[in-house]
Structures are given as structure tokens and as C-alpha cells.
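User: Hey, I've got a protein model open and I'm new to this. Can you walk me through it?

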Amino acid sequence: MTGDENNITYWEGMRKGNKQALFDLYNSTYFHLVRFGLKLTANDELVKDSVTQLFLQLWEKRHRLQPVTQVRAYLFTSLRRMLADQLEYHAKIENAIERMGRQETASELPYEEIIVRVQQDEELKRRLYHAMQQLTPRQKELIDLMFFEGYTYQQIAAHTSQSVKTVYNTMYNAIKLLRELLK
């Protein structure tokens with residue numbers, strides 16, 4: 001069998017709940033996906049994390065996945081979208097932190113105070129980034145929709161095909177975890 005035929009077989013096995021098929025598909029395509037991702041961004045950690053996250057999402061959605069004849073193309077497209085979302089998300093965080101910094105420095109602070117605040121902002125940004133990495137993909141998505149996109153609970157529920165109660169509970173747990181991690 002060719003690599004493409006193997007990937008189709010692995011895909012179908014994964015859709016049926018076969019974990020070994022998921023691992024085989026991962027092992028068969030990981031190198032190609034990482035190489036492809038590095039063409040889109042030079043952040044190798046982001047690429048590796050995104051490839052792993054992609055396979056975790058595939059496993060979670062395995063029962064809803066359709067048969068695919070071009071498995072690698074499907075994975076490349078999914079990874080490209082995931083990386084674009086992640087890069088956009090990081091850019092929004094950077095812009096928000098930059099705007100906050102500009103507002104504070106507009107009040108003519110002493111040079112030493114500015115340096116201390118920049119260092120504190122960098123530390124806060126690092127801690128927030130690491131705390132966000134502890135959230136589940138669903139929690140990250142909901143946090144992004146609410147705080148960066150401005151969606152209401154009802155809009156998030158409609159957008160993610162979840163009940164409003166599930167959105168409330170997921171957001172509550174995410175915010176609770178972030179508070180604990182940022183103490």
C-alpha cells in the first residue's frame with residue numbers, strides 16, 4: 001500500500017475509534033505537518049503544539065468526521081487554519097498589552113518607572129500565556145470569543161452549537177482556573 005492508502009486506512013480506523021490508527025496516522029504525517037507549519041511560521045513550538053492539538057481535536061471529533069480521500073491535504077488545511085487562528089490570537093493579545101502600555105506611559109512617568117512597568121507587563125504576558133496553555137481547547141475558544149471577539153453567552157452558544165448553560169459552566173471553569181494559575 002502507498003502512504004496515501006495507508007493514511008486513508010488510518011483515517012477510517014480513527015473514525016471508528018481505533019486509537020492505534022490515530023497513532024499510526026500521527027506518526028505517518030507528523031514530520032510533513034511540522035515541515036509545512038514551519039513554512040507558515042518560524043515558531044517551531046507553536047507548530048509542534050498545533051500539530052499535536054490537531055490530532056487531539058480529530059480524536060475528540062472522530063464520530064462526526066466524514067470519510068476523506070486526501071487525508072494529508074485535509075490535515076494540511078486544518079493545520080493552516082489552526083496556525084492562522086493561533087497567530088491571530090497572539091497578535092490580539094500583543095496589541096491589547098501594547099494599548100494598555102501606551103495609555104499608561106502617556107502620563108509622563110519617570111524612566112525607571114517605565115522600565116519597571118515594561119518588565120511587569122512582560123511577566124504578566126508570560127504568566128497569562130502559560131496559564132492559557134493550561135486551558136482546554138474549548139475553554140480557550142470560549143475565552144477568545146467572549147473577551148477578544150465580544151460575543152455574548154448566547155452568541156457563543158449559537159456559534160459553538162452548545163447550550164448556554166454549557167457555555168456558562170465552561171467559562172466559569174476556565175476563569176476559575178486562570179485565577180488560580182495567576183495568583
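Predicted model: local features only at pLDDT ≥ 70, side-chain atom pairs only at ≥ 80, totals over all residues.

User: How many residues line the largest pocket, and which lie nearest its centre?

Analyst: The lining has 35 residues, and Gln57, Met82, Asp85, Pro137 and Glu141 lie nearest the centre. The volume of the largest pocket is about 1300 Å³.

User: Which helices supply at least two residues each to that lining?

Analyst: Those are α3, α4 (71-105), α5 (111-133), α6 and α7 (153-160).

User: What volume does the second largest pocket have?

Analyst: About 300 Å³. It is lined by 15 residues, and Ile93, Ala96, Ile97, Leu128 and Phe148 are the closest to its centre. Two or more lining residues come from each of α4, α5 and α6.

User: Which residues of α8 are buried?

Analyst: Val167, Thr170, Met171, Ala174 and Leu178. They sit on the same side of α8, because they cover an arc of only 100° around the axis.

User: And on the other side of α8, which residues are exposed?

Analyst: Over there, Lys165, Tyr172 and Arg179 are exposed.

User: What about α3, how far does that one reach?

Analyst: Helix α3 runs over residues 44-60, 17 residues in total. From first C-alpha to last it reaches 24 Å, close to the 24 Å expected at 1.5 Å a residue. Its buried residues are Leu46, Val47, Ser50, Val51, Leu54, Phe55, Leu58 and Trp59.

User: Let's zoom in on single residues. Where is Leu145 found?

Analyst: Leu145 is in helix α6, which covers residues 137-148.

User: Is Leu145 buried or exposed, and why?

Analyst: Leu145 counts as buried because its relative accessible area is 7%, and buried means under 20%.

User: Which residues does Leu145 touch, leaving out those up to four places away in sequence?

Analyst: It touches Gly150, Tyr151, Ile156, His159 and Thr160. Take Ile156: it is 11 residues from Leu145 along the chain, and their C-alpha atoms are separated by 6.8 Å.

User: Now Tyr129. Which helix is it in?

Analyst: Tyr129 belongs to helix α5. Its relative accessibility is 31%, so it counts as partly exposed.

User: How many residues separate Tyr129 and Asp4 in sequence, and what is the distance in space?

Analyst: They are 125 residues apart in sequence, and 37 Å apart in space from C-alpha to C-alpha.

User: Last one: what about the phi of Ser161?

Analyst: Ser161 has a positive phi, about 60°, although it isn't a glycine.

User: Why bring that up?

Analyst: Because most residues other than glycine have a negative phi.

User: Where does Ser161 sit?

Analyst: Ser161 is in the loop between α7 and α8. With 71% relative accessibility, Ser161 counts as exposed, since the cut-off for exposed is over 50%.

Note on methods:
Residues numbered from 1 in each chain as written. Heavy atoms only, no water. Helix = DSSP H or I, 4+ residues; strand = E, 2+ residues; numbered from the N terminus. Buried < 20%, exposed > 50% of the residue type's maximum accessible area, 1.4 Å probe, protein only. Contact = heavy atoms within 4.5 Å. Arc of directions from axis to C-beta. Expected span 1.5 Å × (residues − 1). 1 Å grid on protein atoms, 1.4 Å probe; cavity = no way out; pocket = protein on both sides within 12 Å on 5 of 7 lines; lining within 4 Å. Points joined across faces, edges and corners; volume = space filled by probe spheres on them.
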